Amino acid sequence: MDVLALSDAKVGSAGVVERVDLPDEVSHYLAHLGFLPGTSVEILRRAPAGDPRVYRIDGVEVGLRNETAKHIFLRVISDTADNSPTATIEAA
Amino acid sequence: MSCHATAVVEPIEEKIPTPPGAKPRMRTVALIGPPNCGKSTLFNRLTGMRQKVANYPGVTVEHHSGRMKSIGRNDLTLIDLPGIYSLATYSEDARVAVEVLTGKMPGVPKPDCVLLVLDATHLNRQLMLAAPVFSIGLPTLVLLNMSDQLEARGGKIDTLALARELGHPVALISAAHGKGLEAIPDFLLRAGSKLDDGLRPVQLPVLQSAASCRSWATQVTARTKYQSPAASLWTRRLDSVLLHRVFGPLFFLVVVIAVFQVVFTLGQPLSDGMGAMLTSAGAKAAMWLPDNWLRALLRDGLWNGVQSVLVFLPQILLLFLFIGILEDSGYLARAALIADRVMRSIGLNGKAFIPLLSAYACAVPAIMATRTIENKRERIATILIAPFMTCSARLPIYTLIIAAFIPNQRFLGGLLGLRALLMLGLYVIGFLAALITAKMLNSSVMKASHAPFILELPQYRWPTVTSLGLRLYDRGKLFLKKAGTIILGVTFLVWLFSVLPIHGGQFSALSTSVIGHLGHWIEPVLRPLGFNWKIGIGLLSSIVAREVIVGTLGTLYGMDPATHSLGLQVALRHDITLGGAIALVVFFAFAMQCTSTLIIVRRETNSWKLPALQFCYMTTVAYVAALVANQVISRLF
């Protein structure tokens, strides 16, 4: 599966965090919110202005600006065109 | 018999000899956990105190202590700490938490045991904090909060299995509903008497990096068969509307306008009613007093001043009701998300939005809330612009002037009023001043390094009636206290100097008194703004606090024989032009008329430089803006 920046992933798609290329201070904070390799992440929605976007990581919703999200990479797992948010609730 | 038994038991317990080398008695308990997991809600439950709680991360930025009265442990002090993700600290509020926890904070005793609060609905992530907290080596009780949410959304936790895995006792609680809290006194008894809880110490992750804590947390939750609850459907549904491209910003605007509209349509009649009541009460009470200086002091001086501020209580409470609903529901974080684009264009972190928004209530807590901003320059910039946000202390002078000078004209079939629009305009110019100042700071003084915008969006929750009621009660009390202390005090001084000096046993007339002379002396500077000398005295006295101007004007107009029998609104209409009136509210939109804010800025930045600069800058902006407003309006109308 292809790896791409979180900021390039489509709203409604989901994947697994591959790596985080950010300064320690930032990646440390993100890590505690769940942005660590191996965690599943879902692109939930965009703010009205298009940026920041809201990600669901590990059951928590987090807003990130694209300038930050472009340094986080994910392996896309589901790239469903179906981006109705209700369809993605916790199947597992 | 049982009476007798207890009487015997108690002294025996006292007499148990302390084994040599044993630690002294337990005194201090620390409350720690990640942001927005409900520590302060629990703190309030256990101590019966009222720390501010709301539904967004970073509400608590200082440590607070209180006796654990509500569970009958007056001997124990509970310390509430700001939320942290780990023991590594990047922001000021997290530094406070870690220093208190490790006993390095001067003046705060090292805690004897720890209550670790975790949000049970995201245990994988929240447990990451457990390993570093356990490693401090204090007796720790793990409290899994929000059990009600967990159950409602189908999550499961085996607390016994978890306790075995963690090597520390675990209890499932709901701080908001007061459920499961009996585990806390139990734990405190055991920790105090060093009773064995039957749990073996466990191997903690050796490397305390985020990744190792995380994989440890995931293993623990997997082994104990933790089932995370389903995402709240309601939160998603609401967000798809409230963060919608079009409806999102529209809703935001409607909310803001509705607040002002209600403050006027509902608040104004309430205020008027209260005013009439207070005036007649004052008049009745005055009849009992002899007609001498005492009556002059009490009625014309103090009562006129204080009651002209008191009448704004209903409007202030309405404003805080709205702020409370926005904060408790979780909407505030969404508003921050919507506003981030604007904040970024002026070089401010989106995180600055929450402190700035809370500055609409009062700049003092807002300036303290900037501690959550990691970047020092952005923090200073936010401190500098926060007092431009329209705080509730501006409400009395705004509503007084608007009600006195602006006709109650309605548009759009009565939905929108001219008064509410002008009020909105005043809020907007304050906000614009903040934006422009931030932009200037960013392009010259402070080249901001771009700290990232990372914002957790909490689940929506219904604000509870109790929590809103308590907020209003506390706010009302604060307002009445201010009226009874600061405003009463300044009003007394204003009255005193407006009857001094005494000539041959007679009080001075207002215009020949100390205040009159001072007022006439500063009048030339204020005349171009359309202000008379009474307004000038009001401005000087309100450097203490913004509401004071209304009290001072109440006193001065109450003492002036020409306006003595008129209400304050009518007296003002007699005395200043529309241009001067608008200039006055414009002045208040920008001026730094607040000693508490200056003091808190001094405290947070450790120097007088910033508050002095802020005072001069804001006063200059206010003067120029009021001058322009008066000149333009007097030419137009």
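1. Basis. Residues are numbered from 1 along each chain as its sequence is written, and chains are lettered from A in the order in which they are written. The model is predicted, so local features need pLDDT of at least 70 and side-chain atom pairs count only at pLDDT 80 or more, while totals for chains, interfaces and linings use all residues.

2. Interface. Contacts link 33 residues of chain B with 30 residues of chain A (C-beta atoms, placed from the backbone, within 7 Å). Elements of chain B that give two or more residues to this side include α11 (247–265), α15 (331–345) and β9 (454–457); helices (H or I, at least four residues) and strands (E, at least two) are DSSP runs, numbered from the N terminus. The chain B side divides into 18 nonpolar, 7 polar and 8 charged residues (nonpolar: Ala, Val, Leu, Ile, Met, Phe, Trp, Tyr, Cys and Pro; charged: Asp, Glu, Lys and Arg; polar: the others, Gly among them).

3. Strand pairing between chains. β5 (residues 60–64) of chain A pairs with β9(B) in the antiparallel sense over 4 bridges (pairing needs at least two DSSP bridges). A:L64 stands opposite B:I454.

4. Cis peptide. A:D51 and A:P52 are joined by a cis peptide bond, with omega about 0°. A:P52 lies in the loop between β3 (40–46) and β4 (53–57) of chain A.

5. Positive phi. B:N36, not a glycine, has phi near 55°; B:M146, also not a glycine, has a positive phi of about 70°. B:N36 lies between β1 (28–32) and α2 (39–47) of chain B, and B:M146 lies between β5 (140–145) and α6 (147–152) of chain B.

Methods
Two residues are in contact if their C-beta atoms, placed from the backbone, lie within 7 Å.
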